[in-house]
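Visitor: Please take a close look at the aromatic pair in this structure and at what surrounds the two rings.

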Amino acid sequence: MATTTLPTGYATVAELKAWARIDSNAEDAILQIMLDGALEAIQEALNRTIVLTVTQDSAEVLYDNSLKTAHLMTAADYYKNRELTSAAAVYEIPTGAKAIIDKKRVWFGGKQ
């Protein structure tokens with residue numbers, strides 16, 4: 001069985017730039033805001049706190065490679081669609097990221 005290396009930190013601006021194929025440094029501050037907003041939206045959708053190390057708290061979920069993928073997908077989508085006129089539309093989680101998140105979400109009644 002292969003071992004999986006977990007991320008040592010949350011997605012970075014450099015990783016988002018590589019993911020979204022952004023070459024310029026001009027909007028790094030905006031990209032960080034997109035990363036922060038995406039992480040908040042994912043935590044809200046999960047009904048759980050995302051952590052880098054496991055504890056015994058069932059309200060937490062480990063930031064693994066699948067959540068990092070969802071994080072990058074969501075932040076890139078926010079960046080790509082940042083000029084939409086509807087603020088609500090900007091903060092929707094993309095379908096692919098939502099599929100990842102739903103697997104780890106705590107549903108009503110506390111069931112995962």
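The aromatic pair and its surroundings

Guide: Tyr10 has a relative accessible area of 30% and is therefore partly exposed, a class between buried (under 20%) and exposed (over 50%), taken with a 1.4 Å probe and protein chains only. Tyr63 has 1% relative accessibility, so this residue is buried. The model is predicted: local features need pLDDT of at least 70 and side-chain atom pairs pLDDT 80 or more, while totals for chains, interfaces and linings use all residues. Residues are numbered from 1 along each chain as its sequence is written, and side-chain values use heavy atoms, without hydrogens and water.

Searching the whole structure gives one aromatic pair. The ring centres of Tyr10 and Tyr63 are 4.8 Å apart and the planes stand at 75°, so this is an edge-to-face pair. Rings of Phe, Tyr and Trp (its six-membered ring) pair with centres within 6.5 Å; planes under 30 degrees apart are stacked, over 60 edge-to-face, the rest tilted. The partners are 53 residues apart: Tyr10 precedes α1 (13-20), and Tyr63 is in the loop between β2 (60-62) and α3 (65-80). Helices (H or I, at least four residues) and strands (E, at least two) are DSSP runs numbered from the N terminus.

Both tyrosines touch Ile50, whose contacts beyond four places in sequence also include Leu39, Ile42, Gln43, Val61 and Leu67; contact means heavy atoms within 4.5 Å. Ile50 is also among the residues with the most contacts inside the largest nonpolar core, which has 25 residues. Such a core joins buried Ala, Val, Leu, Ile, Met, Phe, Trp, Tyr and Cys through side-chain atoms within 4.5 Å.
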